[in-house]
Amino acid sequence: MTTPPKPPTNRWRVKVAGEEPKGFRSQNKAYEYVREHLPRGERIVVREWENGRWVLFEVFDERPPDDSEGAADERLADN
């Protein structure tokens with residue numbers, strides 16, 4: 001029988017596109033980091049250590065608004 005993996009000290013992990021994942025002890029600190037990076041418009045993945053493995057918690061796939069000519073009209077037409 002194998003023993004389950006020891007839980008990490010940092011139970012929250014945030015991965016911003018193109019960067020190494022960064023660990024946090026609290027959900028609050030992890031989301032402060034997310035808020036700092038949201039304006040960059042990159043994909044952000046938040047994972048939590050649960051039951052011996054990393055579990056997907058939330059994905060942010062924010063893109064800066066398209067300000068090109070006609071983009072606002074296209075967004076309105078899509079709704």
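Student: Which residues make up the largest nonpolar core?

Tutor: The largest nonpolar core has 11 residues in all: Trp12, Val14, Val16, Phe24, Ala30, Tyr31, Tyr33, Val34, Ile44, Val46 and Phe60. A nonpolar core is a set of buried Ala, Val, Leu, Ile, Met, Phe, Trp, Tyr and Cys residues joined through side-chain atoms within 4.5 Å. Strand 1 (12-16), helix 1 (27-37) and strand 3 are the elements that give two or more residues to this core, and helix 1 gives the most, with four residues. Helices (H or I, at least four residues) and strands (E, at least two) are DSSP runs, numbered from the N terminus.

This is a predicted model, in which local features need pLDDT of at least 70 and side-chain atom pairs count only at pLDDT 80 or more, while totals for chains, interfaces and linings use all residues. Residues are numbered from 1 along each chain as its sequence is written, and side-chain values use heavy atoms, with hydrogens and water left out.

Student: Which residues does Ile44 touch?

Tutor: Leaving aside residues up to four places away in sequence, Ile44 touches Val14, Lys15, Val16, Val34, His37, Leu38, Glu58, Val59 and Phe60. Contact means heavy atoms within 4.5 Å.

Student: What puts the buried residues of helix 1 on the same side?

Tutor: The buried residues of helix 1 are Ala30, Tyr31, Tyr33, Val34 and His37. They cover an arc of only 150° around the axis, and therefore they lie on the same side of helix 1. The arc is that of the directions from the helix axis to the C-beta atoms. On the other side of helix 1, Asn28 and Glu36 are exposed. The cover over the buried residues of helix 1 includes strand 1, strand 2 (22-24), strand 3 and strand 4.

Student: Why is Glu48 called buried?

Tutor: Buried means under 20% relative accessible area, exposed over 50%, and partly exposed in between (1.4 Å probe, protein chains only). Glu48 has a relative accessibility of 13%, so Glu48 counts as buried. Arg11, in contrast, has a relative accessible area of 35% and is therefore partly exposed.

Student: Why is Asn51 called exposed?

Tutor: Asn51 has a relative accessible area of 72%, so Asn51 is exposed. Its place is in the loop between strand 3 (43-50) and strand 4 (53-61). Asn51 also has a positive phi of about 55°, although it is not a glycine.
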